[in-house]
Amino acid sequence: MDNSVFIGPEALPALAEFLSRPAVSRVFVLADANTARQCLPLLEKHLPATYKLIEIPAGEEYKTLASCDTVWCELTEQRADRHAVLVNLGGGVVTDLGGFAAALYKRSIRFAQVPTTLLAQVDASVGGKTGVDFQGFKNQLGVFQAPAAVFIEPQFLQTLDPRQLKSGYAEVLKHWLIADADAFNENRRLGWLTDDWTPIIRESVALKQRIVAQDPLENGPRKLLNFGHTVGHALESYLLTQPGREALHGEAVAAGLVCESWLSVQHGLLSAEELDKIETFVFSVFDKLAFVMLETDAIAEFALQDKKNSGATINCTLLNGIGNGVFDQPVTLAEIADSLRYYHRL
């Protein structure tokens with residue numbers, strides 16, 4: 001495990017030690033309306049008395065430059081210098097947005113990630129990807145910027161409802177599908193609920209770190225981590241344009257796992273039997289996302305903005321068998337739409 005990631009009861013005391021160093025001039029905490037209320041009380045005892053809270057509204061629809069503007073204005077008004085540290089307390093929206101805002105303020109100040117959702121703990125907070133949504137496209141603006149450290153306290157998961165916990169589980173399932181067939185086969189028999197998430201978080205973080213260490217800027221193997229996300233992001237982005245139909249990131253990714261597994265079968269990489277195992281596991285945890293057949297082409301169009309694309313080619317990560325992801329697999333827009341139609345018929 002990377003020594004810049006702390007998991008478990010030692011995480012928040014390690015954060016306190018980091019923030020007490022003389023090199024830290026000021027401490028700012030970025031939280032959304034939910035984490036300010038539910039999670040800050042647990043964190044507060046590990047913060048210096050002089051910390052300043054910056055609060056943004058909760059929800060993917062606030063993962064925008066306007067929210068960054070809130071952060072930058074507050075930092076500027078408080079005369080935060082380049083030795084200030086921004087502590088991002090929240091799920092993937094807060095950790096992505098906070099990292100991006102910190103990376104641009106005064107050409108970058110340090111930031112620490114304190115992820116409070118399962119999704120952020122196993123995925124979003126680790127690996128140094130930051131960003132915001134723009135013109136309806138997921139993470140359209142962003143930079144690669146590593147946090148000073150990541151502090152993961154599984155106790156925060158007690159603040160989540162089952163829907164949010166499941167959303168994070170989609171990323172855990174993705175990790176097994178691309179790199180750990182044994183864990184996939186073991187956990188599909190156990191079910192998704194557990195009394196102690198710490199071992200799963202440790203395994204997921206370690207797996208992601210191994211991949212990121214090979215390819216920090218996503219020129220090659222790191223693209224494996226996007227399995228389920230080409231179709232998943234397209235679905236998520238489309239539903240964000242439909243008030244009242246928004247899906248959580250993990251819910252969209254779970255649908256994407258099914259669609260892209262089906263595409264893997266069409267490309268001769270995955271067996272029908274393996275697809276059936278994946279579908280059975282996914283639908284044992286997640287409800288199907290609702291859309292109508294007439295929407296499939298409009299949803300698929302969003303995949304044209306995927307960051308893995310090269311020119312007009314949609315580059316997808318597929319499965320060459322369970323536990324073995326393969327990246328840079330070209331698929332057509334028509335194939336993306338076909339995969340959505342397949343999912344709709346299930």
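The paragraphs below start with a lysine and then turn to salt bridges.

This is a predicted model, in which local features need pLDDT of at least 70 and side-chain atom pairs count only at pLDDT 80 or more, while totals for chains, interfaces and linings use all residues. Residues are numbered from 1 along each chain as its sequence is written, and side-chain values use heavy atoms, leaving out hydrogens and water.

K63 lies in the loop between strand 3 (52–56) and helix 4 (65–77); helices (H or I, at least four residues) and strands (E, at least two) are DSSP runs, numbered from the N terminus. K63 counts as buried at 2% relative accessibility, where buried means under 20% relative accessible area, exposed over 50% and partly exposed in between (1.4 Å probe, protein chains only). Its side chain makes polar contacts with the side chains of D96 (2.8 Å) and N139 (2.6 Å). A polar contact is a pair of N or O atoms within 3.5 Å; within protein, one must be able to donate a hydrogen and the other to accept it, and residues adjacent in sequence count only if both atoms are side-chain atoms.

The whole structure holds 15 salt bridges, each a side-chain nitrogen of Lys or Arg within 4 Å of a carboxyl oxygen of Asp or Glu. One of them joins K138 and E236 (3.2 Å, N to O). This pair links strand 7 (residues 137–141) to helix 10, 98 residues apart. K138 is buried at 7%, and E236 is buried at 1%. D123, E171, K174 and K208 are linked in a salt-bridge network.
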